[in-house]
Amino acid sequence: MKPTLFLLAAGMGSRYGGLKQLDGLGPNGETIMDYSIYDAIQAGFGKLVFVIRKDFEQDFRDKIISKYEGHIPCELVFQAIDNLPEGFTCPAERTKPWGTNHAVMMGADVIKEPFAVINCDDFYGRDSFQVMGKFLSALPDGSENTYAMVGFRVGNTLSESGTVSRGICSTDENELLTSVVERTKIQRLDGEVKYIGDDGEWVATPDTTPVSMNFWGFTPDYFAYSKDFFKVFLSDPKNMENLKSEFFIPLMVDKLISTSTATVKVLDTNSKWFGVTYPEDRQEVVDKIQALVDAGEYPEKLF
């Protein structure tokens with residue numbers, strides 16, 4: 001069974017100020033998402049599921065889905081802040097979505113096969129889709145509790161324009177994830193990758209240190225775990241009172257690995273991640289994509 005690609009697109013309208021600004025960065029106005037979908041098709045993914053906000057469904061179908069029809073089956077699911085388990089009510093003042101793992105939960109009714117989750121505005125690169133596609137396709141039918149994460153080498157994820165935040169991963173001798181620690185202010189200083197440690201001092205880390213860029217691989221049992229743990233999350237008064245609290249994927253993953261419920265294989269990739277972290281990154285991303293096209297990695301026109 002071919003794996004599914006689940007794209008987190010619910011924040012697009014707010015982040016870009018509307019779909020019309022979904023930035024064209026490729027030579028024919030291609031978006032970063034276009035390249036991810038092209039790479040996913042090449043890597044053997046068989047279906048796309050987008051999670052979006054219901055209020056721009058028509059716009060999304062007209063401008064986005066129409067491009068991919070005929071290339072790969074597409075489905076839409078919707079994230080809404082009032083979509084909560086029975087017995088819970090969204091605080092009236094809350095406007096912020098409940099986070100990436102809440103978005104993933106919206107796919108439960110349409111995804112019955114192994115699936116990967118990505119951000120729609122990150123350029124992950126060909127090899128990352130190949131390693132994840134290979135992992136998911138090799139899982140036995142009915143597989144449970146065996147997940148994966150693409151671990152990008154931190155040196156391949158930096159911005160020339162300033163510091164970045166990354167989830168620094170620790171693994172055991174079997175390349176299984178043991179922890180993800182969010183580190184802010186990572187950059188290259190004097191030729192070395194460094195971040196600010198807990199004591200406020202700069203800490204050097206090897207270029208090859210794996211970091212999470214929100215590229216996960218799951219099987220459908222993940223939905224049931226998420227549903228149960230989301231109730232625990234919402235039952236904590238501080239999460240309800242904090243109007244910006246979010247149910248993130250790493251929070252769920254950490255719960256599953258810390259209780260030895262599931263394993264998460266960290267898949268190494270030589271792909272270079274890039275994205276528009278700062279406005280001044282935009283031209284650099286345009287240049288990088290053009291260089292990949294010039295090198296024959298991608299066709300001039302994708303879809």
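1. Glutamate 175 counts as partly exposed, at 42% relative accessibility, where buried means under 20% relative accessible area, exposed over 50% and partly exposed in between (1.4 Å probe, protein chains only). Glutamate 175 is found in the loop between strand E6 (164–171) and strand E7 (177–189); helices (H or I, at least four residues) and strands (E, at least two) are DSSP runs, numbered from the N terminus. The phi of glutamate 175 is near 65°, which is a positive value in a residue other than glycine.

2. Before going further, please keep in mind that this is a predicted model, in which local features need pLDDT of at least 70 and side-chain atom pairs count only at pLDDT 80 or more, whereas totals for chains, interfaces and linings use all residues. Residues are numbered from 1 along each chain as its sequence is written, and side-chain values use heavy atoms, with hydrogens and water left out.

3. Aspartate 190 also has a positive phi, near 50°, in a residue other than glycine. Aspartate 190 lies in the loop between E7 and strand E8 (192–196), and it is exposed, with a relative accessible area of 76%.

4. Asparagine 214, found in strand E10 (residues 210–218), is buried, with a relative accessible area of 12%. Which side chains make polar contacts with the side chain of asparagine 214? One is that of asparagine 119, at 3.0 Å, and another is that of tryptophan 216, at 2.9 Å; a polar contact is a pair of N or O atoms within 3.5 Å, and within protein one must be able to donate a hydrogen and the other to accept it, while residues adjacent in sequence count only if both atoms are side-chain atoms. Not counting residues up to four places away in sequence, asparagine 214 touches Leu8, Thr100, Val117, Ile118, Asn119, Tyr124 and Ile249, contact meaning heavy atoms within 4.5 Å.

5. Glutamate 113 is found in the loop between helix H4 (100–105) and strand E4 (115–119), and is buried, with a relative accessible area of 11%. The side chains of glutamate 113 and lysine 47 are joined by a polar contact of 3.5 Å. With neighbours within four places in sequence left aside, the contacts of glutamate 113 are Met1, Lys2, Thr4, Lys47 and Pro220.

6. Strand E2 (residues 47–52) pairs with strand E3 (residues 74–78) in the parallel sense, over five bridges; two strands pair if DSSP finds at least two bridges between them. The chain passes from E2 through helix H3 (residues 57–68) to E3 in a right-handed β-α-β crossover, right-handed meaning that, with the strands pointing away from the viewer, the path from the first strand over the helix to the second runs clockwise. Leucine 48 has cysteine 74, in E3, as its bridge partner.

7. A search of the whole structure finds zero disulfides, a disulfide being a pair of cysteine sulfur atoms within 2.5 Å. Cysteine 120 is in no disulfide, and the nearest cysteine sulfur, that of cysteine 74, is 14 Å away. Cysteine 120 is buried, with a relative accessible area of 4%, and cysteine 169 is buried at 6%.

8. The largest nonpolar core has 43 residues, of which Phe50 and Phe60 touch the most other members; a nonpolar core is a set of buried Ala, Val, Leu, Ile, Met, Phe, Trp, Tyr and Cys residues joined through side-chain atoms within 4.5 Å. Another core, of 38 residues, lies apart from it and has Val77, Ala103, Phe223 and Met252 among its members.
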